[in-house]
Amino acid sequence: MSEAYKNAGVDVEAGYRSVELIKEHVKRTNIPGVLSGIGGFGGLFELGGEYKNPVLVSGTDGVGTKLKLAFIMDKHETVGQDCVAMCVNDIVCGGAKPLFFLDYIAVGKNIPEKIADIVKGVSDGCVAAGCALVGGETAEMPGFYDPSEYDLAGFSVGIVDKEKIIDGENIKPGDVIIGIQSSGVHSNGYSLIRKVFNIDDSSECAEALKAYDDELGCSVGEALLAPTKIYVKPMLAAIDAVDVKAVSHITGGGFYENIPRMLKDGTRAKVYKEKFEVLPIFKKIQEKGGISEHDMYNTYNMGVGMMFVVPESQAEEAVNAVNAAGEKAFVIGEITEGEKGVDIC
């Protein structure tokens, strides 16, 4: 071990300990195709021969300022799932099955137990998505990050047959929109949330976030840290069961920015608010912050984390497929003719 490096603030021994602690979590994510364990310079994954014309689909993202809540509440075992979800949920929008994931954790000080908590969340997310955690990087950066803080990002690669890519080109007026319920805020809009709830690094703020809230059925902090749902398995079940024409992951930008991304020119989405439940956390954010309804739908998922389009005749079958896969789905709208965009009624 380099004493000079340690004196500069980088603990190599802590890095070795972190690797040992995360091995059990990584092992849980192994699936057919994984050819290498952690510790090498690259993660190896072998493509199977089941695809006629395979196309690789990739996605990358981070957790953003939701991490501030994790720091304040000293709760780190769920944000890893957020990181995985933000990547694999994007990949499945194209009809692809995620194959593997890699993470990047940058820390001010390497605390092995904290790293293990973060990677546990990453592994939970990979298991939920059916993909493998084939590698990653932990960078100790003293003087760049506060010793108690870190950043977390990652990327995933998936696969789909070229003829099965979902791109929205077959959408037509009369098709219906299916929504899948979210777990809450997921991983977007936290800069606004921190302003609304006056969240800072004080001990008073931490106590307030941990206080039980009758309207939420939990503390505000718990509601805000609820991990992003991973929609891979229910979406793949729907894709197998019905003709899924387009998919939209409702992330930053809410309904107004994400729904048009799945539409083709000449089509428009109409979403009916009475068809789904706006979760209590969104009502609290809106009331406490005095935020307009338009801004709420232009920032948050409002209780619907994923949407997809199917022919009207297959709507019931699509809902049943998602429900059987363990999520709650409902018909929330329809496709009409018009300028690409969305009307929320």
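Domain bounds in these legends come from an automatic or database domain assignment. The structure is a predicted model, in which local features need pLDDT of at least 70 and side-chain atom pairs count only at pLDDT 80 or more, while totals for chains, interfaces and linings use all residues. Residues are numbered from 1 along each chain as its sequence is written, and side-chain values use heavy atoms, with hydrogens and water left out.

**View 1. The two domains of the protein chain.** The assignment divides the chain into domain 1 (1-159) and domain 2 (173-342). Their C-alpha centres are 25 Å apart. Contact, meaning heavy atoms within 4.5 Å, involves 29 residues of domain 1 and 33 residues of domain 2.

**View 2. The buried surface between domain 1 and domain 2.** The size of an interface is often given as the accessible area lost when the parts come together. Here buried area is the accessible area (1.4 Å probe) that two parts lose on being put together, summed over both. The two domains bury about 2,600 Å² between them, with 70% of it on carbon and sulfur atoms. On the domain 1 side, K66, I72 and M73 account for 25% of the area buried against domain 2, more than any other three residues.

View 3. Helices (H or I, at least four residues) and strands (E, at least two) are DSSP runs, numbered from the N terminus. Residues 55-160 are 38% helix and 37% strand, with end C-alpha atoms 5 Å apart. Residues 172-341 are 36% helix and 21% strand, and their end C-alpha atoms are separated by 14 Å.

**View 4. The crossing of helices α4 and α5.** Axes are lines fitted to C-alpha atoms, for helices over the stretch in contact, and angles run from 0 to 180 degrees between N-to-C directions. The axes of α4 (residues 79-92) and α5 (residues 112-129) come within 6 Å and cross at roughly 35°. Contact residues include G80 and V84 of α4 and I118 and G121 of α5.

**View 5. The crossing of helices α9 and α13.** The axes of α9 (residues 232-241) and α13 (residues 315-324) come within 8 Å, crossing at roughly 145°. P234, A237, A238 and A241 of α9 meet E317, A321 and V322 of α13.
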